[in-house]
Amino acid sequence: MGGSGPFIPILGFASCVVFIYLSFGDLWPAYPVGPAWSFVQRNGTRFVLDGKPFYINGWNSYWLMDHSADYQRKHKASAMLEAGSKMGLTVCRTWAFNDGAHNALQVSPGRFEENVFRALDHVIAEAKAHKVRLLLSLVNNLKAYGGKDRYVKWAWEEGIGLSASNDSFFYDPSIKKYFKHYLQTMLTRKNTVTGVEYRNDPTIFAWELMNEPRCMTDPSGDTIQDWIEEMSAYVKSIDKNHLLTVGLEGFYGPKNPKRLTVNPADWAADLGSDFVSNSKVSHIDFASVHIYPDHWIAHRSFEDKLTFVSKWMLSHIEDGHHELNKPVLFTEFGLSNLNKDFQPSQRDWLYKTVYDIVYKSAKKKGAGGGALMWQLFVEDMDESNDDFGIVPWQRASTYKLITEQSCKLAKLRGAIEESQNLKELCLQKQ
């Protein structure tokens, strides 16, 4: 008995550990560790990963965090990331914000809902598990999910706002302080699933300052330009690992001669942004562009819209090469099913037009870095869908276009053998 003294407490402790694991082990998700990932970087006009060009075929699913915050909908996010990976898609753009709305991440300035942050932790961990990288957008210009309007209301309600105009988001010192606190909290967040701070996690492909920034009260563009310079410098002071983009739609401002030849209409030069000057900011690593011909030139024929898309894309790729020396990523493109003449085949033509231009640029080692379709869903998600959303495998021709683009870009990079999904997807097509 005397020799067994230390053994009894050790046995008791081990039994306690076993009991805790058996009781609560299912609360600790088990993710495969796998090989270490590198950060995607930029070399001139191209994205690079592990010394090779990195071309992006990706998609938007803005709702991943929101769904992951609800137990009954959480599986949808995991299913979407798995499906995207099986289609050879490499980057998903999604919201890393929800300000004061349902399932709010930021309930009020500086107050965060831990359950929703854990939902974002889950999204990042699931993305890594399925070998998908994330482009995380940090605030909305629009009112959906709070946006800049919510920040202005917070300041106004506290009696410290300079103006009730939602454009004061860009210049009010109190609001900028709110946003910087949010940025610091986001960038330094330690993932409760993986244990990795967001700023140190290569699963995150890049940060996007704002979805579609516009400042209607200052069409000169000076207000947004100053805001981009300040906020991009602040992000980089905290996180030097990740790429950063603005989140632009791509319109040319009043000082740019292309406003007359490339913009869809006169109004596009009066939104307070300018593709070239905004993207030239030193802390911005790549340019972002959106493509919505049916909204911008709704009165034109479908053939004219496709012609516009080609001219629009080629102009921005040219800017990336000659003006910016940075990659250009088309972070949203789509076609509405509410158009009076809509046919599903038209979506295929738009996708093919976008994909062909990206591929030709990549093949010539140009500045076209890739494209992200707006937007993808899995089945039974009508409540989150809009007139652009698709479940890609429900239409064989669309699914084929998407997966063929994944294979063509992976082949250019010599990356097919690096992924089991790509091998299964692409080698059977040969």
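Gln375 turns up in the loop between strand E13 (368–374) and helix H12 (396–413). The peptide bond leading from Trp374 into Gln375 is cis, and its omega is near 0 degrees.

Some ground rules before going on. This is a predicted model, so local features need pLDDT of at least 70 and side-chain atom pairs count only at pLDDT 80 or more, while totals for chains, interfaces and linings use all residues. Residues are numbered from 1 along each chain as its sequence is written, and side-chain values use heavy atoms, with hydrogens and water left out.

## The annotated stretch

The UniProt record, an unreviewed entry, puts "domain: Glycoside hydrolase family" on residues 38–374. UniProt positions follow the numbering used here, feature names are shortened, and annotations may be inferred rather than shown by experiment. Across residues 38–374, the chain is 39% helix and 16% strand, with 27 Å between the end C-alpha atoms.

## The parallel sheet

An open sheet of 8 strands runs in the order E10-E9-E8-E5-E4-E13-E12-E11, with parallel pairing. Strand E10 (243–245) and strand E11 (287–291) sit at the edges; each has a single partner strand, so one side of each has no neighbour in the sheet. From one strand to the next, the twist averages 25 degrees, where axes are lines fitted to C-alpha atoms (for helices, over the stretch in contact) and angles run from 0 to 180 degrees between N-to-C directions. Two strands count as paired if DSSP finds at least two bridges between them.

On one side, 5 bridges join E5 in parallel to strand E8 (residues 133–137); Cys92 stands opposite Leu134, and Arg93 has Leu135 as its bridge partner. E5 also runs parallel to strand E4 (residues 56–60), this time over 3 bridges, and here Cys92 is the bridge partner of Trp59. As for cover, 5 of the 5 residues in E5 are buried, meaning under 20% relative accessible area, against over 50% for exposed and partly exposed in between (1.4 Å probe, protein chains only). In a regular strand, side chains alternate between the two faces of the sheet. In E5, Val91, Arg93 and Trp95 point one way, Cys92 and Thr94 point the other way, and all are buried.

## The antiparallel sheet

There is also an open sheet of 3 strands, ordered E1-E2-E3 and paired antiparallel. Its edge strands, E1 (41–43) and E3 (52–53), each pair on one side only. Strand E2 (residues 46–49) meets E3 over 2 antiparallel bridges, and Val48 stands opposite Pro53 of E3.

## Nonpolar cores

A nonpolar core is a set of buried Ala, Val, Leu, Ile, Met, Phe, Trp, Tyr and Cys residues joined through side-chain atoms within 4.5 Å. The largest one holds 104 residues, and the members that touch the most others are Phe169, Phe179, Tyr182 and Met186. Helix H10 (residues 302–324) supplies the largest share of this core, 8 residues. Another core lies apart from it, with 13 residues that include Leu49, Phe205, Ala206 and Leu243.

Which residues is Met186 in contact with, leaving aside neighbours within four places in sequence? With contact taken as heavy atoms within 4.5 Å, Met186 meets Ala96, Leu105, Phe117, Leu120, Leu138, Tyr198 and Trp207.

Glu114 belongs to helix H4 (residues 114–129) and is partly exposed at 33% relative accessible area. Beyond residues up to four places away in sequence, Glu114 touches Arg189 and Thr192. Glu114 and Ala69 are 45 residues apart in sequence, with 10.0 Å between their C-alpha atoms.

Asn103, in the loop between E5 and strand E6 (106–108), has a positive phi near 55 degrees without being a glycine. Lys365 is another non-glycine with positive phi, about 60 degrees, and lies in the loop between helix H11 (344–363) and E13. Is each of them buried or exposed? Asn103 is buried, at 16% relative accessible area, whereas Lys365 is exposed, at 57%.

How values were computed:
Helices (H or I, at least four residues) and strands (E, at least two) are DSSP runs, numbered from the N terminus.
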